[in-house]
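Hi,

Here is the structure I promised to pass on.

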Amino acid sequence: MSFFDTSIEFLKGVGPQRATLLHKELKVFTFGDLIQHFPFRYEDRTKFYSVKEVTEDMPFVQLQGKISSFEMAGTGFKKRLTGKFTDGNGILELVWFQGIPWVLQKIKPGMDYVVFGKPTRYGRVFSIAHPEIEPLTARQEKAGHLQPVYPLSEKLRKKRIDNKVLSQLLHELMKIAPSHIHETLPDYVLKKFGFIHKKEAVIHIHFPDNFEKLAEAQKRLKFEELFYLQLRLLKLKLVRYEKYKGEVFGDTSLLTKFYNDHLPFSLTDAQKKVIREIYHDMKTGHQMNRLLQGDVGSGKTIVAFICILLVISGGAQAALMAPTEILAQQHYAGLKKYADAMELSIGLLTGSTKKAERKILHAGLQGGPLKILIGTHALLEEEVKFQHLGLAIIDEQHRFGVAQRSKLWQKNSTVYPHVMVMTATPIPRTLAMTLYGDLEISTIDELPKGRKPIRTTHQYDSHRLQVNAFLKSQIEEGRQVYLVYPLIEESEKLDLKHLMDGYESIARAFPDYAISILHGQMKPEAKEFEMARFVKGETKIMVATTVIEVGMDVPNASVMVIESAERFGLSQLHQLRGRVGRGAEQSYCILLTSFKLSSEAKLRMETMVRTNNGFEIADVDLKLRGPGDLMGTQQSGLLDLMIADLGKDGKILIQAREVAVDILEKDPELKKPEHHPIKTHLASLKKTAVNWSKIS
Ligand code: ADP
Ligand code: MG
């Protein structure tokens, strides 16, 4: 057992009761956990200000001086104690509402004190309520320091474990810990990047001498964290690559036929590049594990089909699994056009496929004539048996289908099929490196030519009449319109009311047009009926909640109006906007908001107006929301980092990844002496942090 596995109970100043609190509130069980409980900010106690310099903007200020006199005012709850504080340059008030007897007993007028707190202005005088106050000591006079501020909980504070106590505990730990801290990075990596040693970094992350030291410690620890994350992902990839053989598909006869006779347009360079990458993988003799990402409308369908052609040429079958029934149907419709042209048999299997139909599909799959099967999770059922599955394509909204993914693999008894994960949610590069860090990544980063970019404007609610007039003119030209309402309240009832109010006011504004309505609480048949009416053009306006986000494809719809747009996240706005711009006509997106917007909401609107590029939007989104919120909670295992932030530390991540790739290329088993620290540290990591079984 290592020093860092020692129970926190045994640290001086902890004991069983505090230990229980630390377990419960901070998940701190051992010395190692506490040492990795990093401060989330630091208060600058390096500098003393003079009272004259104090301004309202200062979050905190540190002063030194004397209290000249105390004064009591008010009674009962309103009782307060005011101390006149002076440093010789000016006067400021220190105010206490609680603990007054303690203050009067401890703090002596005329003595020198160091005072720290948030200044507030009252008329011409500044005051600090409940300041931290300590007698001036020689140490403070000389140096001053950066005070770490640790994540805490309300409960801990109530039980008198405040920041001061936690800092004290870390002081105790750091008295005994340093000799046990071993270097975790190879020497040549430290030299290459000018990193400080691990021991020094840990000391300075808790008790930095100054901002420079702090920055060095942060840089080093962030790198280490990201390096080990990448190293483990890459090792996973490497192990899988070695372990799982893949069938070699090299016959391109069907592809040639498709190119010559049926290709409906010329492929974009990005599509060609991605197809080459995938074709290359399928010839290596190893199982392919590749992510295909591309913005809405970038043309993923035909890429998927061309890959399917390769495996069918080789005598195998292909499957595509989508997260929802609507998406499965859409993939089916998209691929069927091409499959029919090539006279290849294609089927659709979802939860609602009738028994008789299922039987036919099952037989076709096992016998071999059914070459392509599209579906939902229904594909994973026991009875679904392929004669020879060569390629499994998985359309993921987010990365949570890992377990299911491997189930699809196992549909083949001999060799695993190649796996392609597809996503239409653009993911910033740094995030993709982590969430999909164990996959190869192909990106379609270009839209087909001749596509008219959607024009996006941001309008205030007060311009609703003009917006309605614009919608009218578009409808008169034969177009159709979406009006989307956010899901705002916790209660579905309130949402529905919001939507219905909107529907009624639209119905009043457009008495001459038939209007569709679509929301999550409708029965599936009713939903389908409404969608069908809109698709056929019988209704001109679709009033809906975000249920239309996925799975609506109506090329004639050219306007997307988003109500209360400030309530949507960027990626959702972008997904919604992607519902238009699918036809030949100029399309529009109108973001309606109230007049009062937070600065963040403004930035979101500006970003939407400025660009149609999903990756650019995802980058802004990542910076605004942070990776956890962006991807939902499913990935928190991979994204719960202790010190690095994927939104801000992209550069360090890329460096860390490069180093990890380099090391695994040269020394995959980490046998070289210079990689010894890595091997040892990896072994100790295995027991902690991320639940790797979930992603492997
Ligand atoms: P995605 O699934 O990536 O959102 P789709 O595959 O549905 O996009 O393609 C969107 C539209 O663009 C479809 O109508 C498709 O036929 C068309 N398309 C795809 N690739 C091209 C291309 N290279 N040139 C012109 N049109 C294309
Ligand atoms: Mg698609």
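The face of α19 turned away from its buried side carries Glu525, Glu528 and Phe529, which are exposed (over 50% relative accessible area; buried is under 20%, partly exposed in between, with a 1.4 Å probe and protein chains only). Helices here are DSSP runs of H or I with at least four residues, strands are runs of E with at least two, and both are numbered from the N terminus. Before going on: this is a predicted model, where local features need pLDDT of at least 70 and side-chain atom pairs count only at pLDDT 80 or more, while totals for chains, interfaces and linings use all residues. Residues are numbered from 1 along each chain as its sequence is written, chains are lettered from A and ligands numbered from 1 in the order in which they are written, and side-chain values use heavy atoms, with hydrogens and water left out.

Back to α19. Its buried residues are Glu530, Met531 and Phe534. Seen down the axis of α19, they fall within an arc of 100 degrees, so they line one face of the helix (the arc is that of the directions from the helix axis to the C-beta atoms). They pack against α13 (325-341), β18 (480-484), β19 (515-518), β20 (541-544) and β21 (557-562), contact meaning heavy atoms within 4.5 Å. Just after α19, Gly537 has a positive phi of about 85 degrees.

Then there is α11 (residues 269-281). The buried residues of α11 are Ala270, Gln271, Val274, Ile275, Ile278, Tyr279 and Asp281. Viewed down the helix axis, they fall within an arc of 165 degrees, so they too line one face of α11. On the other side of α11, Asp269 and Arg276 are exposed. Partners of the buried residues of α11 include α10 (253-261), β10 (289-294) and α12 (300-313).

Gln271 also turns up at ligand 1: of the 14 residues around the ligand, Gln271, Gly297, Lys300, Thr301 and Arg451 come nearest (around it means a heavy atom within 4 Å). A backbone N or O atom of Gly297 lies 2.6 Å from an oxygen atom of ligand 1. For Lys300, a side-chain N or O atom is 2.8 Å from a ligand oxygen, and a polar side-chain atom of Thr301 lies 2.8 Å from an oxygen of ligand 1.

Cheers

Conventions. Polar contact = N/O pair within 3.5 Å; in protein donor to acceptor, adjacent residues only side chain to side chain.
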